[in-house]
Amino acid sequence: MMAEFLFNKKDYGRFCESKVPLVQHWAYKQLIKLYPDSQLTYKYTKSFIKPKMIKKIERLQYTLMTYLRENWQLIDSDFLFGLVEGKTEISFEMQAHILKALAQKGVDKNRIVNLLLQIDGRQTNVSTFLVVIEALEILQTDEAYAMLRYFDNDFSSPFPYMETYMGALISYKDEKDIKLILETLIKKSEKFDQEDVIAKFNTLFKAEEFSYLFRNFFQQQPLEESIETLKDYYPNNKGVNQLDLFLGEELYKLHHNNQYFEFIYQLSEKIISELNQRYSFTKTLELDNFNLEFLNKEKGKMREEDYWLLYLLNFILDNKKEIQQKFSVRFFSLELVVMLLVVLEDNDYQTMLEKAKEGQEYLWQQMTLDREKLPEELVDLFLNSGDIFEDRVIAYLQNNRYASSISRMLDYLVKINSVKSVPTIIELVNEKQGDIICEEAVKALEKIDGYQLETVTQGMEAGDSTTHIFVSSALEQFATDQAAEKTIEYWEQGILDFHEMFVLTLREIGSKVGYDYLAEANIQNAPEYILETLIILGIIHGEEKKRLKLYQDNLKEQKDARKNNDFFDLFSQAPGGDFNTVDEDEEYSRNNEGTIIRTEKKVGRNDPCPCGSGKKYKKCCGR
């Protein structure tokens with residue numbers, strides 16, 4: 001039998017009216033977590049988003065931005081428009097985040113552009129400007145493009161992060177812009193991170209996830225080892241599994257000997273040969289006749305992705321001298337490997353989309369393709385297909401815990417609110433799993449409604465230390481005494497062994513059981529997170545004013561000391577003991593917003609090995 005929650009929506013609303021900012025912030029976080037699309041949540045969002053409230057309540061701005069980022073699909077469009085239209089007190093930065101959320105919803109796009117135009121660029125900071133750029137990139141309308149292009153006609157503006165701006169323009173696929181961007185990279189190479197811009201180009205031919213791996217993990221290791229690692233990441237990817245055959249011993253040797261441009265030319269010939277077999281060009285494409293004129297004549301015969309791939313390849317081959325002088329030739333050699341990979345994948349995304357609309361079985365086959373990224377329209381078909389795939393998705397996750405497609409499977413389970421998938425989602429979180437998937441699994445648990453506390457505790461107790469760390473946040477979904485008792489039990493048994501996480505979990509649950517446990521300890525020199533938790537829980541459970549003042553005075557002393565740079569080390573508490581200095585080797589903590597973060601890098605099963613070999617940890621030192 002499910003225990004009754006300690007608080008309901010109205011209770012949290014009442015706590016939002018508290019005169020204590022800590023309590024207001026805590027209560028608002030509960031509202032947006034448990035009731036993201038309720039009228040009461042909208043009421044307090046409208047109140048708290050004003051500058052005077054953001055200034056008053058510490059960390060509130062981050063909470064508001066998180067609410068918009070993670071719940072844009074649920075939040076009512078009219079409510080969001082109401083926040084930014086007409087006379088508003090809301091800062092330009094918050095307006096930008098609201099308009100980005102509306103852009104993601106895809107409603108009334110011209111209305112959004114008109115509102116973005118009202119954000120005064122002279123009074124915005126860099127982060128606001130970047131959010132505006134992101135919103136315009138999402139919108140993909142003529143009006144949004146015109147506004148984007150208005151910012152800079154020739155990439156001569158001094159504002160930072162020009163690479164982000166160029167990336168947004170690339171997404172609109174205007175050849176005049178793309179030609180100018182590539183020319184600018186050559187002429188003004190010292191002003192930009194060329195690799196960032198070229199990496200954005202990879203989105204045009206659906207290669208960004210492979211490019212990311214080569215740029216971040218494979219730059220300094222032998223190519224053969226990189227390909228082996230890639231096969232480990234994508235064991236069932238058609239393109240990846242053919243790379244060895246197409247590269248061969250000779251090309252590996254060229255790359256090993258740093259003969260990068262000879263490598264590039266030979267790989268270009270292989271790419272062109274594959275595309276000659278794919279298309280009936282008017283004239284056989286060869287390196288000698290490969291130019292933009294040829295591409296424009298044959299454009300109508302090609303998939304869009306192949307056209308842009310050849311466009312970039314032409315740029316690389318036409319600018320050999322400049323690339324040698326101003327760029328990393330090795331980077332471009334790896335870019336050619338990425339190009340070959342996606343050519344060998346041979347994914348016709350437009351045909352895939354059309355066929356997926358006609359048959360569920362075909363749609364399922366595409367969703368299980370061994371790659372992280374698929375076209376948004378294709379994934380949307382899957383997410384909006386109802387619960388017809390629920391059992392198949394659960395079985396798939398049980399048998400493919402480390403597949404590249406896990407993220408979209410989790411999105412599907414959240415979309416249909418799959419309560420019966422919760423045990424399977426918890427099982428995904430283990431020490432062999434990458435942190436990103438662990439985090440996404442926990443986010444899924446936070447969004448699925450209706451499962452029981454026992455499901456979480458059973459998963460916690462059957463799991464390893466990584467399970468304990470990540471899944472403990474699911475306990476926060478249960479505002480019950482039982483959840484607090486379990487949290488305390490896990491702390492005393494050492495299942496939860498990071499004190500800050502333990503305390504913040506009790507804070508989020510909100511039980512007096514947690515308050516009484518924490519209040520028994522000596523608060524002398526207690527860290528801020530303890531004192532803040534005692535103040536919050538003490539107020540909502542009616543602690544006497546004298547005791548609350550003691551907590552508040554201690555907290556003030558700590559903050560004053562921190563401001564004066566006379567701040568002592570944080571403290572933690574061992575089970576059953578007093579507060580002791582934090583172990584410097586602790587791997588995890590929570591930031592001020594309560595989010596689990598690593599203070600020490602974890603090496604997961606599918607992560608690159610820290611020894612520098614370039615292999616996955618499980619295939620190297622983690623054997």
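The buried residues of helix 22 (residues 349–358) are Tyr-349, Met-352, Leu-353 and Ala-356, where buried denotes under 20% relative accessible area, as against over 50% for exposed and the range in between for partly exposed (1.4 Å probe, protein chains only). These residues span an arc of only 100° around the axis, which puts them on the same side of helix 22, the arc being that of the directions from the helix axis to the C-beta atoms. Their cover includes helix 19, helix 21, helix 23 (360–367) and helix 24 (376–383), with contact taken as heavy atoms within 4.5 Å. Helices (H or I, at least four residues) and strands (E, at least two) are DSSP runs, numbered from the N terminus. The model is a predicted one, in which local features need pLDDT of at least 70 and side-chain atom pairs count only at pLDDT 80 or more, whereas totals for chains, interfaces and linings use all residues. Residues are numbered from 1 along each chain as its sequence is written, and side-chain values rest on heavy atoms, with hydrogens and water left out.

Within helix 23 lies Gln-366, which is buried with a relative accessible area of 8%. When residues up to four places away in sequence are not counted, Gln-366 touches Met-352, Leu-374, Leu-378 and Arg-408; Met-352 is also one of the buried residues of helix 22.

Two cavities of 30 Å³ or more are present in the structure, a cavity being a set of points, on a 1 Å grid over the protein atoms alone, where a 1.4 Å probe fits but cannot get out, and lining residues being those with an atom within 4 Å of a point. Grid points are joined across faces, edges and corners, and a volume is the space filled by probe spheres set on the points. The largest cavity has a volume of about 100 Å³ and is lined by 13 residues, of which Phe-205, Glu-305, Asp-306, Val-342 and Asn-347 lie nearest its centre. Helix 19 (304–318) and helix 21 (329–345) each contribute at least two residues to this lining, which divides into five nonpolar, one polar and seven charged residues; here Ala, Val, Leu, Ile, Met, Phe, Trp, Tyr, Cys and Pro count as nonpolar, Asp, Glu, Lys and Arg as charged, and the others, Gly among them, as polar.

For the second largest cavity, the volume is about 50 Å³, and the lining consists of Ser-211, Phe-214, Arg-215, Gln-219, Phe-331, Leu-334, Glu-335 and Val-338.

Elsewhere, Val-113 lies in helix 8 (residues 109–117) and is buried, with a relative accessible area of 3%. Apart from its neighbours within four places in sequence, Val-113 is in contact with Leu-139, Thr-141, Glu-143, Ala-144 and Met-147. Val-113 and Glu-143 are separated by 30 residues in sequence and by 6.9 Å in space, C-alpha to C-alpha.

Over the whole protein, the secondary structure comes to 35 helices and four strands, and 53% of the 623 residues count as buried. Among contacts between residues at least 6 apart in sequence, 65% join residues at least 24 apart. The structure contains zero disulfides, a disulfide being a pair of cysteine sulfur atoms within 2.5 Å. Cys-16 counts as buried at 1% relative accessibility, and Cys-438 counts as buried at 0%.

Note on methods. 1 Å grid on protein atoms, 1.4 Å probe; cavity = no way out; pocket = protein on both sides within 12 Å on 5 of 7 lines; lining within 4 Å.
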